[in-house]
Amino acid sequence: MTTETGRLDRTFVGRRSELASLLAQAADVRGGHPRMVLLTGEPGIGKTALAHRFVSQAPGFQLWEASGEEAEQLLAFGVIEQLVRAVPTSYSPALRDLGNRNGEARDPIWVGAALLELLGTMQAAGPALLLIDDAQWADRPSLQALVFALRRLQADRVLTLLVSRSGSPRGHLAGFHRLVEHGHGAWVRVRGLDASSIRDLGVSLGVDHLSSRAADRIRAHTGGNPLHATAIFDEIIPAILREPSDLPLPSTADFGALVRSRLETCSPEARRLVGAASVLGLSCRLAIAGRLAELSEMLVPLETAMSAHLLEERGAPADRLIAFPHPLVQAAAYHSLGPARRAELHERAALLVPDEVPALRHRVAAARGVDPQLAADLIIFGIQASRRGEWDAAADAMLSASRLTADGPERDQRMLMAAEYMLLGGAVDDVLALVGEIERQVPSARRGFVLGSLAMTNGRYDRAQPGAEVVEPPHAHEHPGRNGASPAPVTSARTPGGT
């Protein structure tokens, strides 16, 4: 087990439904019903960590463990040889000889029959759990022998758990798929973590005050992949997570290097197309990306980028869409652009996209410092969004406006308005991430309102600002907070007007 995998085991979060499915299969096995479980998911999604957590929660099983290895796929019966190492030598003299490459040649049926006999003998000491990790790289003779044995189990207490990458050729594991499809087991697909589990992962790694907004960004950025999310927690500056931007977070160093190496194999036109697409988002229309990249011919560069696994083609030719295969690919392509080139592309993209929201996003990304006009436009948008109860959008706009405002009372008031919108939307954790900045501000009525509201929302009535009254937020019955819950009551402080 690698160091990184061991770390993921120690920071295991979520996976309640998947664990429940595995434990249900274990219960069936204890009752004398042999079961076969396929555990699949993309690389780094946490399959091995889940399998180990299951083993720790299913005591009483004799564990026989093996793993496939890409370089050993031609080593006949290499996986079976690993499995029987957990068995006393006296129980399996014939199978012990599999490691002797100068010994008598064996075929999968003979090995499968010997394995079946061994499983029958070993059950006297308790149910058996056969765990095979990286099954996509297991040698074919071992898999054939294992299928032969599993097909002949009747009232045996044997649980077989095959861990495999999703997308692997089904033919390699076809016999196991048929066992599951015929009612002899289950197929557990491991998907990305949700935002709540991402927050739990951050806490386990020592990340304090990770807001729900930041957790959402990391989940979208990594697809919920715990391996990628862990690398993000290790490598990025925490302040980046508090920025009010939906631009891609930085990719991990290793992934960034991989994407840059793919870009280097592309033509200049393909690199320009990929860069333009990364500025426009995870997916976009080819026509707009081509215009932004200033390309007269787009299909040849697109084909080159697709061959390098940087872009995918979607949609009908009349309105062809292009997309990145994973958010991390977009992030790596985006951050491979220099800051000046990114700003230039965002400026031009703001004129090309038809809708106000993405245009504002591009203008913010292109900003080079204090920008009173852009800040004013963001304030107007934020107020309009708040009237529609779109608290996240309103908070993002007001927070961006504060970043584009010169230091002083006006900047402070705009940050405080963003915090108010967060509280109205139930995003208390987002406000907690700003508390340090708010507490450093010069005392004001609005500052006292926000800090008092936060204290009362967290049940710290002793720290609420004196003289504040508790009221229901406006339109609370119309505009639910996060997860459909009504926002918590906040304190009301009459503050002198303006932003």
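The legends below describe close-up views of a predicted model.

**View 1. Strand β4 and its two parallel partners.** Strand β4, which spans residues 158-165, is mostly covered, with seven of its eight residues buried. Strand β1 (residues 35-41) pairs with β4 in the parallel sense, and this pairing runs over seven bridges. Within it, L39 stands opposite V163 of β4. Strand β3 (residues 128-133) also pairs with β4 in the parallel sense, here over five bridges, and I132 has L162 of β4 as its bridge partner.

**View 2. The packing of helix α13 with helix α15.** Helix α13, made up of residues 268-280, packs with helix α15, made up of residues 299-307, at an angle of about 80°, and the two axes lie 8 Å apart. Because angles of 65 to 115 degrees count as roughly perpendicular, α13 and α15 are described as roughly perpendicular to each other. On the α13 side the contact is made by E269, A270, L273 and V274, while α15 contributes P301, L302, T304 and A305. By residue class, the contact of α13 with α15 divides into six nonpolar residues, one polar residue and one charged residue.

**View 3. F77, a non-glycine residue with a positive phi.** Although F77 is not a glycine, its phi is positive, at about 65°. The residue is found in the loop that lies between strand β2 (62-67) and helix α4 (78-83). F77 has a relative accessible area of 6%, and because buried means under 20%, F77 is classed as buried.

**View 4. H309, a non-glycine residue with a positive phi.** The phi of H309 is about 60°, a positive value in a residue that is not a glycine. H309 is found in the loop between helix α15 and strand β7 (312-314). Its relative accessibility is 53%, and since exposed means over 50%, H309 counts as exposed.

**View 5. The cysteines C266 and C284.** C266 is buried, with a relative accessible area of 5%, and C284, at 11% relative accessibility, likewise counts as buried. Both assignments follow because the cut-off for a buried residue is under 20% relative accessible area. A disulfide is a covalent bond between the sulfur atoms of two cysteines. A search of the whole structure for such bonds finds zero disulfides.

Definitions and conventions:
Residues are numbered from 1 along each chain as its sequence is written. This is a predicted model: local features need pLDDT of at least 70, side-chain atom pairs count only at pLDDT 80 or more; totals for chains, interfaces and linings use all residues. Side-chain values use heavy atoms; hydrogens and water are left out. A disulfide is a pair of cysteine sulfur atoms within 2.5 Å. Buried means under 20% relative accessible area, exposed over 50%, partly exposed in between (1.4 Å probe, protein chains only). Axes are lines fitted to C-alpha atoms, for helices over the stretch in contact, and angles run from 0 to 180 degrees between N-to-C directions. Helices (H or I, at least four residues) and strands (E, at least two) are DSSP runs, numbered from the N terminus. Angles under 35 degrees count as roughly parallel, over 145 as roughly antiparallel, 65 to 115 as roughly perpendicular and the rest as oblique. Contact means heavy atoms within 4.5 Å. Ala, Val, Leu, Ile, Met, Phe, Trp, Tyr, Cys and Pro count as nonpolar, Asp, Glu, Lys and Arg as charged, and the others, Gly among them, as polar. Two strands pair if DSSP finds at least two bridges between them.
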